[in-house]
Amino acid sequence: MRKLAELIALGTVEAAMRNKTETIIADIGGTNARFAVAGTDGYHHVKILRTKDYSCLSDALNAYKETLEAPIPGSAFIGIAGPVPDETFLWPNGWNSFSIMEESRRADLQLSLMNDFEAAALGLPHLKPSELRQIVSGVPASHASKALIG
């Protein structure tokens, strides 16, 4: 079975590819912030940073951007634990609360935040049959519904 972080990465790639351009993707957790660049060929330049080493989301994003070669993507899709509002994100796992618009300005990126579980759900269609577990009897249909349990 894939780790939840890998599933979140697949889901953020799925969301990012709606833009049809390279973008930074991230899975921000209370311990680690996982970053990569997503393109039409999947994702690359994976880096894991310790969340507590940064005072805010934009500091972590800027540290990751410093590891990239030009051209640096202008947008980021971020999976993060908690409900994602329109503006102020309350995050008990890390940086308390922050303004999405202010962090976007400080990171010089167009930020899109989504709940990490939503990101993981978007990754489900990319799983191989061997990575799935059937929970009802019968012959599985190729396009049957999938559920994510966490």
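Which residue in strand 4 does Asp27 stand opposite? Asp27 stands opposite Gly79. This position belongs to a predicted model, in which local features need pLDDT of at least 70 and side-chain atom pairs count only at pLDDT 80 or more, while totals for chains, interfaces and linings use all residues. Residues are numbered from 1 along each chain as its sequence is written, and side-chain values use heavy atoms, with hydrogens and water left out.

The protein chain has four helices and seven strands. Helices (H or I, at least four residues) and strands (E, at least two) are DSSP runs, numbered from the N terminus. Along the sequence the pattern is α-β-β-β-α-β-β-β-α-β-α. Of the contacts between residues at least 6 apart in sequence, 55% join residues at least 24 apart; contact means heavy atoms within 4.5 Å.

Five strands form an open sheet in the order 3-2-1-4-7, and the pairing is mixed. Two strands pair if DSSP finds at least two bridges between them. Strand 3 (42-50) and strand 7 (110-115) are at the edges with a single partner strand each, so one side of each has no neighbour in the sheet. From one strand to the next the twist averages 20°. Strand 1 (residues 23-28) and strand 4 (residues 75-80) pair in the parallel sense, over five bridges. Strand 2 and strand 3, by contrast, run antiparallel and are joined by seven bridges. These two strands form a hairpin with two residues between them, and Val37 has His44 in strand 3 as its bridge partner.

Strand 3 also holds His45. The phi of His45 is near 55°, a positive value in a residue other than glycine. His45 counts as partly exposed at 31% relative accessibility. Buried means under 20% relative accessible area, exposed over 50%, and partly exposed in between (1.4 Å probe, protein chains only). By that scale, buried residues make up 39% of the 150 residues in the protein chain.

Ser75, in strand 4, is buried, with a relative accessible area of 8%. Its side chain and that of Thr23 are joined by a polar contact of 2.6 Å. A polar contact is a pair of N or O atoms within 3.5 Å; within protein, one must be able to donate a hydrogen and the other to accept it, and residues adjacent in sequence count only if both atoms are side-chain atoms.

Helix 2 (residues 57-65) lies across strand 1, strand 2 (32-39), strand 3, strand 4 and strand 7, and runs at about 125° to strand 3. Axes here are lines fitted to C-alpha atoms, for helices over the stretch in contact, and angles run from 0 to 180 degrees between N-to-C directions. Leu57, Ser58, Ala60, Leu61, Tyr64 and Lys65 are buried in helix 2. Seen down the helix axis, the buried residues of helix 2 fall within an arc of 160°, so they line one face of the helix; the arc is that of the directions from the helix axis to the C-beta atoms.

The largest nonpolar core has 21 residues, of which Ile24, Ile28, Phe35, Leu61, Ile78 and Leu111 touch the most other members. Such a core is a set of buried Ala, Val, Leu, Ile, Met, Phe, Trp, Tyr and Cys residues joined through side-chain atoms within 4.5 Å. Strand 1, strand 2, helix 2, strand 4, helix 3 (100-107) and strand 7 each supply at least two residues. Helix 2 gives the most, with four. Beyond four places in sequence, Phe35 touches residues including Ile24, His45, Leu61 and Tyr64.

Lys65 of helix 2 counts as buried at 13% relative accessibility. Beyond its neighbours within four places in sequence, Lys65 is in contact with Ile24, Ile72, Ala107, Asp108 and Leu109. A polar atom of the Lys65 side chain lies 2.5 Å from the backbone oxygen of Ala107.

Ala107 is one of the buried residues of helix 3, along with Ile100, Glu103 and Ser104. Viewed down the axis, the buried residues of helix 3 fall within an arc of 105°, so they line one face of the helix. Met101 and Arg105, on the other side, are exposed. Asp108 is exposed at 63% relative accessibility, and its phi is near 55°, positive in a residue other than glycine.
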